[in-house]
Each structure stands twice: as C-alpha cells, then as structure tokens.
Amino acid sequence: MTKPESTGHDYDVVISGASLAGSAAAILLARRGVRVALLERRSDPEAYKVLCTHSLTANAYPVLDELGLIPALEEAGAVRNESRLYTRWGWIEPRAAPAGPELPYAYNIRRSVLDPLIRSRAAQTPGVDLLLGHQVTGLVREAGRTSGVRASTPQGEREIRARLVVGADGKDSAVAKFAGVSARQYENARFGYLAHFRNLPLHGGIGSVWFLEPDMAYAFPNDDGVTVVAVLPDKKWLPAFREDLEGSFFAYVRALPEAPPIDSAERVTKFIGTVNYPLHSRKPTAPGVALIGDAALTADPLWGVGCGWALQSAQWLAEAIGSAATGQGDLDRSLAAYGRRHRRRLRGHQYLAADFAKSRPFNPGERLMFSAAARDESMARHTYLFASRLIGPLRFLNPVALAKASAVNIKHRGAAGSPGGGQWRGGA
C-alpha cells in the first residue's frame, strides 16, 4: 500500500511536459477528478515538436475521440491518413477495391497545429493548471519514493508536491533521469531528413511509403496543402548527405518508384533531420513516478507511431491510476497495472522495430507477409492493421494469416519476376 506522506500535496499529479502525451494525460486525469499541475519548460504556448512524422496512426483515434478533438482536427484541416506501401513485389494498397468495410484511420496534421491545440484544451480543462516556463530540476523524495518536483520557473525555484510525478518529457526525460530509471538503447543504422512541400501531388491523393530494403522513404499529405517528405537511408549514404544535403535529398526522392514530382514543388521549410536516433525503452514506472510517451519508449521514427503511442500511453495511465491518484485506492498497485499494460501492448512492436533498425532487408516472415499483401486485398488490409498498430505482432503473424499468405504466394509462384528495386544510388 502507498504510505501517507507527512505533508500535504499541492496537486494529486504533476506532469512534466505539455506536448501530446502530457496534455492528453492531464485532460483525461482531470476528468476523473484528479488535480493536475501540467509543467512545460517552454514559455510559448504555441511551441511544438519539430522533428516528427506529423502523423497520428489509426491506433490513436479512440484517444482523440475520448479527448473530444476529432471535430477540431477536421476543422483545422487534418487529413485522414490513408497510405500505400511500395515493396519489391509491387504496391500494397489496402483500399484499392471499393468492396469491404472502411478501414480505421486517424490523421496527418502538422505539430505546429496539433501541439498548441491539445495544450490549449488541457489549459481549459477544469482541474488542470498549465504552468509554462516550468522546467523540472529535481525530484522531491520522501520515505523512499518520489513525492513531488523541484522546478525552475520565471519567478525562481519552486517545489511542487504531489502523489504522483509523470514524466512526459521526451526521450531525454529529466524525470526518468532524476528517478534513476535507466534506458535500454538499440542502435539505429539509418538516419533521416524531412521537409515540407507545397503543390506536391501524390498518387491518388494519399500517402506513400517506400520499403527499399534497407532504405526507407515516405510522403504524407498534411493540413493546409502541405506534404511531408522524409528519407531514411542506411548510414552508408550519410557522407553524401553531409556533403550536399539538398542535392542528395532531391536525388533520393527522384529515384523512388512512382516518385512524386518534387522538382516542381515548393519547399516551405528547411531540411530537418537526425543522424543518430537510437531506439530506447524504460521501465514505465518507479515508486511515485510514471513515464508516458517517448519518456517510456522511443520508437524508430520511420514507422510514424510515436504520436499514437504517446496518446495511448496517456490514456492507459489515466485509466489505471485515475482513482488512486485522488487517494481513493492503492497507487502502487495501479501503477503496476499501467506498467503491465504498457509492456504487453508495446513490447512486441518495439522488439520488431529495434531489429528492423539494424538496416536489414526483410526477414523470411516479412517477405512472406508483404509479398502476399502486394497480391491480395485481404492480406493488404491485414498488413494495414498491423502498420497502424491496431493489432500486434502475434496477431499479424498468426497461423491463419501465415497460411493464407503462403496460399496467395503459391498461386503467384509462376508469375514472371518482381518489380525493380528502385534503390537509390547517390546522385543518380
């Protein structure tokens, strides 16, 4: 059982980080009667995360719906995120045929729109105090557990006590560091750059993802007529990009199969990227502490799942500790339930992502499933559910799906070859 503290609390929960995960958790907890201090180190309420896929995978839709953000997102011009996937066997197009039920979706929307929107909703939620310009500089410890934070504020140092401290402060989480929660890291053998373009038509008006084994690329339409184009090559191409970033980026995109006409488009942002972005995972709880979003688990950006997992982890935490955070239950037991759910839902996905981050070609199971998905609509829809993180690896690779994929490929074994690789050769 959680021991009662010898001093009172300023709040039930302190959340460090008012981006997607933190703002969502603040809203969902406050609706359950929790008093929340939502701390954000930046003073600008319009601040946003720059390095992002700007896409919310379909697994995020139920959270967005619970938050009441769907009408606001559509009014802001968010684009429902259909996509097609290129492989060496051809395109996987889950919605190519008109028959069948509509697939789940979420949205592509720039973080410059999304972050201020959800932060504003949090600030307007009764029970939430949004404290801008508050940077966590340490944790308050009492009886072997965390019982608050110390923060640097525009008015000076401040101590804020709470039953629970939530780290929603990103992959370099200060809360995790001060709580002594170490990260397990996985090397990422790819690097990535993206930029936003205007007047860039895409096939069918929907997003495209290129699996070039081992290189990757994608183009996603966003709000306000802007398209995000990203390239994620093996690090062997890094010297060429460092020598001529713009020329290498454009050459890479031009060489893509059915490449979007990037030369006639208007680039409206600078190139944004990272040359070293390891994946990592942390235990999502410690005594008096919970981690959500990238603070708990940072995925490979090529999959575009970080925003969805941030929102889901916020929802899982609120559901697990909502009552206990107000003193109506066992907080430690509730935190343990959150940790188990987080690991059960995301550990398998992260394992596969970390393996693929080695910049390897498809393994035999992936070859079986993706080749079948390029040849069969039902397999394409099954693959879409996995790529959208609506099903886990075990359901994706269940015996029935594997048997069907095998049957599809046997039927096509007499086909004459596969499409060309489309591999980029720097400067080509």
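Visitor: How many residues does α9 have, and how far does α9 reach from its first C-alpha to its last?
Guide: This is a predicted model, and the values below are computed from it. An expected span of 38 Å follows from 1.5 Å a residue, and the reach of α9 is close to that. The helix has 26 residues, and its reach is 37 Å.

Visitor: At which residue does α9 bend?
Guide: The helix covers residues 331-356. Its bend is about 45 degrees, and the residue where this occurs is L346.

Visitor: Is L346 in α9 buried or exposed?
Guide: Several residues of α9 are buried, among them L335, H342 and H349. L346, the site of the bend, is also on that list, so by the cut-off of under 20% relative accessible area L346 is buried.

Visitor: Which residue's side-chain oxygen reaches the backbone nitrogen of D332 at the start of α9?
Guide: The oxygen comes to within 3.1 Å of that nitrogen. The residue that supplies it is D330.

Visitor: Which residue forms a salt bridge with D332?
Guide: Side chains of opposite charge can pair when their charged atoms come close. For D332 the closest N and O atoms of the pair are 3.1 Å apart. The partner is R145.

Visitor: How many residues apart in sequence are the parts that R145 and D332 tie together?
Guide: R145 forms a salt bridge with D332. R145 lies in strand β10 (residues 145-153) and D332 in helix α9, so the pair ties together parts of the chain whose separation in sequence is 187 residues.

Visitor: How many salt bridges does a search of the whole structure find?
Guide: The pair of R145 and D332 is a salt bridge, and E142 forms another with R161. The search of the whole structure gives a total of 24.

Visitor: Which strands hold E142 and R161?
Guide: The closest N and O atoms of this salt bridge are 3.4 Å apart. The pair ties together parts that are 19 residues apart in sequence, because E142 lies in β9 (residues 135-142) and R161 in β11 (residues 156-167). The strands are β9 and β11.

Visitor: Are E142 and R161 buried or exposed?
Guide: The cut-off for buried is under 20% relative accessible area. E142 has 19% and R161 has 18%. E142 counts as buried, and R161 likewise counts as buried.

Visitor: What is the distance between the closest N and O atoms of R267 and E246?
Guide: R267 is partly exposed at 32% relative accessible area, and E246 is partly exposed at 41%. The two form a salt bridge, for which the limit is 4 Å. Their closest N and O atoms lie apart by 3.9 Å.

Visitor: What is the order of the open sheet that contains β19?
Guide: The sheet has three strands with antiparallel pairing. Its edge strands, β12 (184-186) and β22 (297-298), each pair on one side only. The order is β12-β19-β22.

Visitor: Which residue in β22 is the bridge partner of H280?
Guide: Strand β19 covers residues 279-281, and two bridges join it to β22. The two strands run antiparallel. The partner of H280 is T298.

Key
Residues are numbered from 1 along each chain as its sequence is written. This is a predicted model: local features need pLDDT of at least 70, side-chain atom pairs count only at pLDDT 80 or more; totals for chains, interfaces and linings use all residues. Side-chain values use heavy atoms; hydrogens and water are left out. A salt bridge is a side-chain nitrogen of Lys or Arg within 4 Å of a carboxyl oxygen of Asp or Glu. Helices (H or I, at least four residues) and strands (E, at least two) are DSSP runs, numbered from the N terminus. Buried means under 20% relative accessible area, exposed over 50%, partly exposed in between (1.4 Å probe, protein chains only). The expected span of a helix is 1.5 Å times one less than its number of residues. The bend at a residue is the angle between axes fitted to the seven residues ending there and the seven starting there. A polar contact is a pair of N or O atoms within 3.5 Å; within protein, one must be able to donate a hydrogen and the other to accept it, and residues adjacent in sequence count only if both atoms are side-chain atoms. Two strands pair if DSSP finds at least two bridges between them.
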